[in-house]
Amino acid sequence: QVQLAESGGGLVQAGGSLRLSCAASGRTFSTFAWFRQALGKEREFVAAITWSGSTHYLDSVKGRFTISRDNAKNTVYLQMNSLKPEDTAVYYCARANSGYLSAAERNYDYWGQGTQVTVSS
């Protein structure tokens, strides 16, 4: 079974930066994505990346967040800059069941436990 482990969350002031990491247990050609869930809200798509490096982002994070991956290390990253209080959420790494870009939760079959990101004003 694929295991995903997120790290890098924490408390940061508005305007600051964090880098999240997601380490996968085995080799995969699958698309990976980051989702987030704020307290009292539905989980939402944030960013996705294919094995070859194609990306897709939630409109509200474009220009601020960058998703990347190191295939040799089986690790996916989310660089978050210019953070805002509305970015506060638990961030989840997920692996898709295909190699195509998707923002739909149903296309992701493995999920990490999540890492908390809190942005203070």
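User: Which residues does Val 2 touch, not counting residues up to four places away in sequence?
Analyst: The model is predicted. Val 2 is found in the segment before strand 1 (4-7). Not counting residues up to four places away in sequence, Val 2 touches Ser 25, Arg 95 and Tyr 110.

User: Is Val 2 buried, partly exposed or exposed?
Analyst: The relative accessible area of Val 2 is 22%. Buried requires a value under 20% and exposed a value over 50%, with partly exposed in between. Val 2 is therefore partly exposed.

User: How far apart in space are Val 2 and Ser 21, C-alpha to C-alpha?
Analyst: Along the sequence, Val 2 and Ser 21 are 19 residues apart. In space, their C-alpha to C-alpha separation is 16 Å.

User: Where is Leu 58, and with which residues is Leu 58 in contact, leaving aside its neighbours within four places in sequence?
Analyst: Leu 58 has its place in the loop between strand 6 (55-57) and strand 7. With a relative accessible area of 22%, Leu 58 is partly exposed. Phe 45 is 13 residues from Leu 58 in sequence, and the two are 6.6 Å apart in space, C-alpha to C-alpha. Leaving aside neighbours within four places in sequence, the contacts of Leu 58 are Arg 36, Glu 44, Phe 45 and Val 46.

User: Which residues does Gln 79 touch, not counting residues up to four places away in sequence?
Analyst: Gln 79 belongs to strand 8 and is partly exposed, at a relative accessible area of 27%. Gln 79 and Leu 20 are 59 residues apart in sequence, with 6.4 Å between them in space, C-alpha to C-alpha. Not counting residues up to four places away in sequence, Gln 79 touches Ser 17, Leu 18, Arg 19, Arg 64, Phe 65 and Thr 66.

User: Is Asn 74 buried or exposed?
Analyst: Asn 74 is found in the loop between strand 7 and strand 8. Its phi is near 50°, a positive value in a residue other than glycine. The relative accessible area of Asn 74 is 18%, and the limit for burial is under 20%, so the residue counts as buried.

User: What is the phi of Ser 82 near?
Analyst: Ser 82 lies in the loop between strand 8 and strand 9 and counts as partly exposed, at 41% relative accessibility. Its phi is positive in a residue other than glycine, near 50°.

User: Which residues is Ser 121 in contact with, leaving aside its neighbours within four places in sequence?
Analyst: Ser 121 lies in the segment after strand 11 and counts as exposed, at 87% relative accessibility. Its C-alpha atom is separated by 20 Å from that of Gln 79, 42 residues apart along the chain. Leaving aside neighbours within four places in sequence, Ser 121 is in contact with Ala 14 and Pro 85.

User: What is the radius of gyration of the chain, and why does it agree with a compact globule?
Analyst: The C-alpha atoms of the chain fill a box of roughly 40 × 25 × 25 Å, taken along the principal axes. Buried residues make up 42% of the 121 residues. Because a compact globule with 121 residues would have a radius of gyration near 14 Å, the value for the chain agrees: 13 Å.

Definitions and conventions
Residues numbered from 1 in each chain as written. Predicted model: local features only at pLDDT ≥ 70, side-chain atom pairs only at ≥ 80, totals over all residues. Heavy atoms only, no water. Rg over C-alpha atoms; globule rule 2.2 N^0.38 Å. Buried < 20%, exposed > 50% of the residue type's maximum accessible area, 1.4 Å probe, protein only. Helix = DSSP H or I, 4+ residues; strand = E, 2+ residues; numbered from the N terminus. Contact = heavy atoms within 4.5 Å.
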